[in-house]
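Here is a short briefing for anyone meeting this structure for the first time. Have a look at the sequence and the model, then follow the points below.

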Amino acid sequence: MPSHAHADSHAHADSHAPAPAPAAPHPHRWRLLALLCLAQFMLIADVTVVNVALPEVGADLALSGTGLTRVVTVYTLLFGALLLAGGRLADRFGARRMFPTGLALFTAASAAAGLAGDGGTLIAARSAQGIGAALLSPAAMSLVMALFQGPARHRALGVWAAVGGAGAAVGVLLGGVLADGPGWRWIFYVNLPAGMLALIAVPLLLGRPPRTPGGRPATARTPVDVPGAVLLTAASGSLVHGLTEGSWPWLAGAATAGILLVLVQRRTARPLLPTALPGRRALLGGSAVMLGAAGLLVAGFYLSSLHIQHTLGRGPLVTGLAFLPVAVAVTAGAHSGGRAVVRFGWRPVGAAAFVLAAAGAVLAPHGGLWTGLVPGFALLAFGLGAAFVCATTAALSEVAAEHSGLASGVVGTSHELGAAIGVAALASGGFTVLPFPALALALAAAALLPSGRPSPTAARAMAH
């Protein structure tokens, strides 16, 4: 950190001494952003990468329909349910420690999934992937928040949101290409070189953390709320399982765990989400919008994949290629949303994004694969790409750096649980039901998102 001490400065205090200048930008921050986004991309892609390959997985490992469902949902369930605890751990022990820990676990679990000789091993490996992802993702976003300040932070968050939106689309494409080529096991093996690259390069590029006056920040000594984390995991897991299986006892258990979580959080001195957290309202509003956007997008992938393979009779390669325009649309929507939100504000852009998504959902069921489903789904994805940027930037707009791990855990939890809830709640209806939740979310975005917008300087940074 640059020093502004002069030769005539002595040990005595000077009330008129100049304030320390802000630290210089990290020299490798954009390279680090690329690596951190690569790691996050793997996590999001693994939500959808198995969808296209499920028939091959079931035939090879003799898995029933219920077993195949668990292969998909156990990853999302543990990823989402443990993210908030992962965010707290990133704040408690430091993102520099939790990032390689989570990445190493995720990469090793990917190797185990590819080597699985039976369904039980594959489901266990997917569970370990979910736990590793929950440790990795909030630590990665916390590093992004620490590496970038001011307008550059908004630009970096726009890139981060675009990667999150496109990861689900590219996951389906990648799953189709690999399942139709070298085999379904490669949908997991492909994580190994990317994981090893990030595991080695990120610590090397980060270097040693700068020394700061006063030692470690107070948040580093804050204990983790273990009862809250356990109850949150139980409530989230029971909710996702209950919706997936259509089980009322599980849903009742989720409600009970949720009530207990609220009571425990009110009584504990160190809750998972402090009531006095600066920016709490914007964080919760943006996270709620993220939950809805992720639910619509992943439900769209699930419904489209089944329709293309089962109804239209196309193979996994064609199914994967059909989602290439969707991946482009998500990225384009995120870029356009990043430019629009700083001009018009979060609420109008968020509402317009979901209206576009509803229009795409109306178009998708009409016509054939390339004349109806693909252009309709691409329009839906374009709108949701903009919604992802709105949700992410709004949620983190007022969060202090020392709470960035917690905040990223809240946003990530909303994304993953939204994906699981969306599939469970909408899978039986088809595209014909998607316009209704999309329009409802347009109204919700106008009410839940903050009324403001990023600064003009942030606007220019995010637009490029």
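The charged end of R155 sits over the ring of W30, 5.0 Å from the ring's centre. R92 does likewise with F93, its charged end lying over that ring at 4.7 Å from the centre. Here a charge sits over a ring if NZ of Lys or CZ of Arg is within 6 Å of the ring centre and within 35 degrees of the ring normal. This is a predicted model, where local features need pLDDT of at least 70, side-chain atom pairs count only at pLDDT 80 or more, and totals for chains, interfaces and linings use all residues. Residues are numbered from 1 along each chain as its sequence is written, and side-chain values use heavy atoms, with hydrogens and water left out.

**Aromatic pairs**
- Rings of Phe, Tyr and Trp (its six-membered ring) pair if their centres lie within 6.5 Å; planes under 30 degrees apart count as stacked, over 60 as edge-to-face and the rest as tilted.
- By this rule the count comes to 7 aromatic pairs.
- W184 and F188 have ring centres 6.3 Å apart and planes at 90°, so they are edge-to-face.
- W184 is buried (under 20% relative accessible area; exposed is over 50%, partly exposed in between; 1.4 Å probe, protein chains only), with a value of 5%.
- F188 is buried too, at a relative accessible area of 1%.

**A second pair and its cluster**
- F301 and F377 are edge-to-face, with centres 5.1 Å apart and planes at 65°.
- Both F301 and F377 are buried.
- Together with F323, F301 and F377 form one aromatic cluster.
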